[in-house]
Each structure stands twice: as C-alpha cells, then as structure tokens.
Amino acid sequence: MTEFKHLTLDVAEEIATLKISNPKSLNALNTETLEELNVALTEIEARDDIKVLILTGGPCFNKKLGGDDPYRSFVAGADISEMAGFTAPQARAFGIRASKPFFKLMEMRQVTIAAVNGFAFGGGNEIAMACDIRVSSDNALFGQPETGLGIIPGFGGTQRLARLVGMGRAKELIFTCDNIDAQEAYRIGLVNKVVPKEDLYPTCQAMAKKIISKGSYANSIAKAAINNGYDMDIRNAVEMEANLFGVVNDTHDKREGMGAFLEKRAADLTDF
C-alpha cells in the first residue's frame with residue numbers, strides 16, 4: 001500500500017481502518033488529503049482481503065486533556081485556510097476533487113462505516129454521509145456551516161443530507177448553520193447508532209465482523225442494488241433487483257448458504 005502523509009491505514013481480520021489525520025486543523029480536508037483518500041480507497045477496493053472499511057478521524061490535541069484526544073474530531077470540515085483564496089473555477093475543481101473519493105465510499109464493493117468520533121462539520125458531515133453506515137460517539141456534533149461563510153456545501157451536502165433526513169430538515173440545517181448533537185442526529189436519521197465514545201471502535205468492529213460473516217459478494221450486490229435503485233421508478237428498480245437476484249443465485253455462496261441452512265450447520269461463505 002502507498003504511504004500517506006494525512007492518512008493512516010490498518011488492516012486486520014478483513015477490516016480496514018482508515019484514519020484521516022490532520023491534527024493541526026482538526027482533521028480538515030485539504031487538496032492533498034482528498035488526493036490521498038482517492039488513492040487509498042482505490043487500493044482498498046482492489047483488495048479481496050478487505051471486506052469492510054471503517055473510516056474515522058485521528059487523534060487531535062485537546063487543551064482540557066493536555067494531550068491527544070481520540071474523540072475530539074472526526075473531520076472538522078474542509079480546510080478554510082486553503083479555500084479562502086479560491087476563485088470560482090478553483091472552488092468548483094475542489095468540489096469535483098472531493099466527489100471522487102466520496103463516490104468511491106458510496107460505490108466501492110466493500111461496506112463502508114463512518115465511525116464519527118467528535119466534530120463532523122461541513123466536509124466532515126458530507127464524508128460521513130457518503131459512507132453506507134454511520135455510527136456516532138455520544139459526544140459528536142454535526143453541522144453544515146457553509147452559508148454562514150457566504151458559500152454553500154460543496155462536497156455533496158445539499159444532495160445527500162436531503163436524501164437522508166428529508167428536504168425540510170436538510171434546508172433547516174443548511175440555512176441556519178445549527179449544529180446538532182449525536183442524539184438529534186440519530187432522531188432525524190442522519191446516523192444509524194449512537195454509543196458511548198469509549199465503545200465507538202468496538203461497536204464498529206463488531207458490526208464489521210457481523211457483516212463479514214454474511215456473504216460479502218451478496219452484500220456488494222445488495223449495496224449496488226440499493227444505490228442504483230434509489231432514484232429509479234419502482235417498477236424499473238424492482239426489475240433491476242430481479243436481475244441481480246438472478247446473478248447471486250449462480251454463486252458458490254448461494255449453494256453453500258442454502259446448503260448449510262438445510263443441513264442445519266454454519267455456512268462458509270467465501271465469494272469475494
């Protein structure tokens with residue numbers, strides 16, 4: 001794997017843990033980090049020994065603790081010090097650059113889990129929304145502060161947020177720039193689960209292991225079906241699902257999974 005300046009990657013038991021690490025800026029996303037994310041996700045997707053990716057933020061200094069705090073910041077946004085001098089074409093290019101790794105998180109065959117460990121503002125909320133599942137520590141804060149800076153969300157926020165929480169709530173959050181805590185994020189459907197911060201990584205790892213115990217190829221096809229069918233009319237979406245249902249019925253995992261069920265034994269699902 002490539003060595004990175006702003007990312008750390010660990011792989012164990014078919015789980016990749018990718019940490020965004022820009023501690024001086026609370027893990028903010030700049031051009032270099034976005035380019036590294038694109039490379040890292042491309043390499044992860046190509047590996048058959050990785051079934052689930054957990055994306056999180058690296059430790060950041062906390063004055064109250066007098067040291068590094070692993071639960072202070074997921075991603076505090078895009079790097080405003082870089083953005084301040086952007087022209088319109090440069091800003092557009094920045095948004096397009098972010099869309100590449102964000103779409104990889106959404107579309108890659110591995111299941112992606114955002115372990116949100118603190119601040120998830122702007123680009124931080126947007127990258128979490130690009131993941132399949134979001135698990136939040138109980139101290140996390142979410143928000144889209146862009147209109148307060150005279151801009152709009154540029155990493156998919158106006159689109160993914162409305163799809164996750166509904167248009168009305170998305171407009172309120174974007175227009176007011178209000179931050180919401182983890183429990184409110186759970187209430188409106190922005191995150192799947194809220195856990196005590198010390199339980200965040202163990203919860204994500206346990207979820208990853210449970211997902212891995214199922215059919216990884218089947219999960220990858222189910223993911224594609226959900227993503228591709230979401231904006232289709234229901235008849236075409238169900239027809240697409242039927243076609244993919246046919247595909248997965250001609251695999252080793254289907255024969256093994258159903259055979260194990262009938263024989264009342266544990267299945268050994270190995271596809272992908």
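Where is the place of L26? Select L26 and you land in the loop between strand 2 (15-20) and helix 1. Helices here are DSSP runs of H or I with at least four residues, strands are runs of E with at least two, and both are numbered from the N terminus. L26 has a phi near 55°, a positive value in a residue other than glycine.

Before moving on, some housekeeping. You are looking at a predicted model, where local features need pLDDT of at least 70 and side-chain atom pairs count only at pLDDT 80 or more, while totals for chains, interfaces and linings use all residues. Residues are numbered from 1 along each chain as its sequence is written, and side-chain values use heavy atoms, with hydrogens and water left out.

**Stop 1: helix 1 and helix 3**

Now select residues 31-45 (helix 1) and 88-107 (helix 3). Their axes lie 9 Å apart and the helices pack at an angle of about 25°. That makes helix 1 roughly parallel to helix 3. For reference, axes are lines fitted to C-alpha atoms, for helices over the stretch in contact, and angles run from 0 to 180 degrees between N-to-C directions. Angles under 35 degrees count as roughly parallel, over 145 as roughly antiparallel, 65 to 115 as roughly perpendicular, and the rest as oblique.

Helix 1 and helix 3 make a left-handed crossing (left-handed if the near helix is turned anticlockwise from the far one by less than a right angle, right-handed if clockwise). To see the contact (heavy atoms within 4.5 Å), show T31, L34, E35, L37, N38, L41, T42 and E45 from helix 1 against F94, R97, A98, K100, P101, F102, K104, L105 and E107 from helix 3. Colour the contact of helix 1 with helix 3 by class and you get 8 nonpolar, 3 polar and 6 charged residues. In this scheme Ala, Val, Leu, Ile, Met, Phe, Trp, Tyr, Cys and Pro are nonpolar, Asp, Glu, Lys and Arg are charged, and the others, Gly among them, are polar.

**Stop 2: the pockets**

Next, the empty space. A probe the size of a water molecule, rolled over the atoms, shows where such space is left. On a 1 Å grid over the protein atoms alone, a cavity is a set of points where a 1.4 Å probe fits but cannot get out; a pocket is an open set with protein on both sides within 12 Å along at least five of seven lines; lining residues have an atom within 4 Å of a point. Grid points are joined across faces, edges and corners, and a volume is the space filled by probe spheres set on the points.

The largest pocket holds about 850 Å³ of space. It has 30 lining residues, and the ones to centre your view on are M106, M129, C131, I226 and N227, the closest to its centre. Helix 3, strand 9 (133-137), helix 5 (157-165) and helix 9 each give two or more residues to this lining. By class, the lining of the largest pocket has 15 nonpolar, 8 polar and 7 charged residues.

The second largest pocket comes to about 460 Å³. Of its 22 lining residues, pick A78, M83, E146, I151 and I152, the closest to the centre. Helix 3 gives the most to this lining, with 3 residues.

**Stop 3: the cavity**

Helix 9 supplies the largest share, 3 residues.

**Stop 4**

Y217, I221, A225, N228 and G229 in helix 9 meet A237, M240, L244, V247 and V248 in helix 10. The contact of helix 9 with helix 10 counts 8 nonpolar, 2 polar and no charged residues.

Then pick helix 5 and helix 6, whose axes come within 7 Å and cross at roughly 135°. That makes helix 5 oblique to helix 6.

**Last stop: C177**

Finish at C177, in the loop between helix 6 (167-176) and strand 11 (180-181). C177 is not a glycine, yet has a positive phi of about 65°.
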